[in-house]
Amino acid sequence: MIEVKNISKDFVSPKKYPGLKGAVKGLFSNEKVVKTAVDDISFSIRKGEIVGYIGSNGAGKSTTIKMMTGILTPTKGTCRVAGINPNQNRKENAKNIGVVFGQRTQLWWDLPLGESFTILKEIYDVPAEDFSARMDFLNDVLELQDFIDRPVRTLSLGQRMRADLGAALLHNPKVLYLDEPTIGLDLVVKDNIRRAIKQINEKYQTTVILTTHDIGDIEELCSRIIIIDEGKLIYDGSLANLKDTYGNKRKISMEIRQPWKLKELHLEETFGVGEDGCSTEFIEETNSFCVTFDKHRIQVPQVLSAVMEVTEVKDVQIQETELAQIVKEIYNHGTAEGR
Amino acid sequence: MNACKRYMRLYRVLAAQFFKTVMQSKVDFLMGLFGFFFTQIMGIAFLYLVFDQIPSLQGWTLDQLIFIYGFAQIPRGIDHLLTDNIWLVAWRLVLNGDFDRYMLRPMNIFFQIIAEKLQPDALGELLVGAILVVRSLAKGIVTVDAAHVVLFFVSVMAGALIYTSIKLFFAALAFWLKTSGPFLQVAYQMSDFAKYPTEIYAKGVRFLITWVIPFAFVAYLPASFFLKSGAGAGVIGFEWVIAIVFWCIAYYVFNRGIRVYESAGN
């Protein structure tokens, strides 16, 4: 459905110098700063997939989405959505896609919500019977009827997001782009939105690409994730695989009685592993001693007995690494090997 | 043909939504109406005050000057009524990334921009223009025959297109500069020069408003054709040539601009 090949986007801006003097200097200099927002990314997405597109702020997520929707022209590389190049054939592409940008509405701000749908019906040439059938379906999953008569500007954020999602789906697009669809929403509304996305995907086989910072979105919706960092693709694969590759760490926190005795402890040597196999940390306020280790190489009882040899332990907590932790680690690392 | 019909239907739908929006805040709408009537009444009063002091100018009589002034208001008003939203492109839509929404809809982008807003204030200009032209007819200083009446409308359309082209060209610079409002403002204000015969200006100014930012072709030159003992009909043809050339340049630059559009971060 979507083919992205070696796509790059550079933003060129005039070089700026600090201060008033600098401003004057900048006026006369011809120097340019090139920022590569997206750097040689390729992937392809099949019909009906829900793909999570994630990365830290400024990683280039939105830029990629904007290239796929035809808003931005790539500096290098090509992109095809349902066989159409969005830059050469913007209007044709626009008929095939639906877009929700979480922080920007596409609706008519001052008009009752229902009017926006009527206008969109005309813009996308939706036949009357399709229109009523789809409105029924959207009402069902998004519960729009509660506020269909209210001007868009009076809607709450959650209502507006549901309305925007409905508006993006009215013409039954083949591809749905969601840029942070659950940002700023409470847990109940988040749940509703996620359920709606799932239902739409199942009913119409809509391909969904979603950027988010919410790990919950990814865990509940996406079978596949793509991670980018500083414009480069660093992971593309299933969620399960990501957890397998990176979720091999376990963490034990122990509240101990004799912290001064920790000096006698040399866990790395005891287990014969390097720093990546086992690392420790001590938090003084709570007297907690934390050991993070590779669960395939070291067992929990081994750690416990080693620690208990030197000090008394009052309390123990064992944590599996969560997805959020994995993602954070990948962002920090910059690269991942699991491509 | 189908596309044309579709766009006409869409224009009705979009214009209707604009009026609904305007009507939603009736107070604003009434204030706006009152405001523009007041402005126009003041404008006419000012006009008489000024022309009262100048009996004739470089061989032009007061009545002829009033015709040129009035005639100039009509293409200006038409453009103002229909394409006022271009200003927003210059000032902020490109800068804040709201231009995105035009890129996401399956319609011509220029069409979307102009269909989004009508400017009722322009009715003031059209009204003043019409009153002054009718006044000139009553005075008998304007040639009235079938050809002149037809050419009057032909000329007004070309004039409006020149206005639109100039606005579009300077607004399109926003794609490179992020905001081009100040440039557009300066260019648009040049049209004030065109309300008077260009002969009263220095050579440099005359060249500028005839060939660089061709407002002279919107008002003074065609208006002199309609005045008795004025220029030949060729000037209207030339006005259309200018209109089409400038439109092509502006539309080309606008489309190039869309390709370098950078949107805005969230």
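**View 1. The contact between chain B and chain A in this predicted model.** The contact draws 23 residues from chain A and 19 residues from chain B, where two residues are in contact if their C-beta atoms, placed from the backbone, lie within 7 Å. On the side of chain B that touches chain A, helix H1 (2–24) and helix H5 (100–103) of chain B each supply at least two residues, and the largest share, seven residues, comes from H1(B). Helices (H or I, at least four residues) and strands (E, at least two) are DSSP runs, numbered from the N terminus. This is a predicted model, in which local features need pLDDT of at least 70 and side-chain atom pairs count only at pLDDT 80 or more, while totals for chains, interfaces and linings use all residues. Residues are numbered from 1 along each chain as its sequence is written, and chains are lettered from A and ligands numbered from 1 in the order in which they are written.

**View 2. Helix H13 of chain B and its packing partners.** Helix H13 (residues 234–260) of chain B has 27 residues and reaches 40 Å from its first C-alpha to its last, close to the 39 Å expected at 1.5 Å a residue, the expected span being 1.5 Å times one less than the number of residues. Its buried residues include Ile236(B), Phe246(B), Phe254(B) and Ile258(B); a residue is buried if 20 or more other C-beta atoms, placed from the backbone, lie within 10 Å of its own. The buried residues of H13(B) pack against helices H6 (109–115), H8 (146–172), H9 (174–177) and H12 (220–226) of chain B.

**View 3. Strand S1 of chain A between two pairing partners.** Strand S1 (residues 2–14) of chain A pairs with strand S2 (residues 32–45) of chain A in the antiparallel sense over 10 bridges, and Phe11(A) stands opposite Lys35(A) in S2(A). Five bridges join S1(A) to strand S4 (residues 76–81) of chain A, again antiparallel, with Val4(A) opposite Cys79(A) in S4(A). Two strands pair if DSSP finds at least two bridges between them.

**View 4. The surroundings of Asn93(A).** Asn93(A) lies in helix H3 (residues 90–96) of chain A and is buried, because 25 other C-beta atoms lie within 10 Å. Leaving aside neighbours within four places in sequence, Asn93(A) is in contact with Gly70(A), Val81(A), Ile84(A) and Pro86(A).

**View 5. Confidence along chain A.** Over residues 335–339 of chain A the pLDDT is below 50. Where pLDDT is low, the predicted coordinates should not be read in detail.

Definitions and conventions:
Buried ≥ 20, exposed ≤ 12 C-beta atoms within 10 Å, placed from the backbone. pLDDT = per-residue confidence, 0-100.
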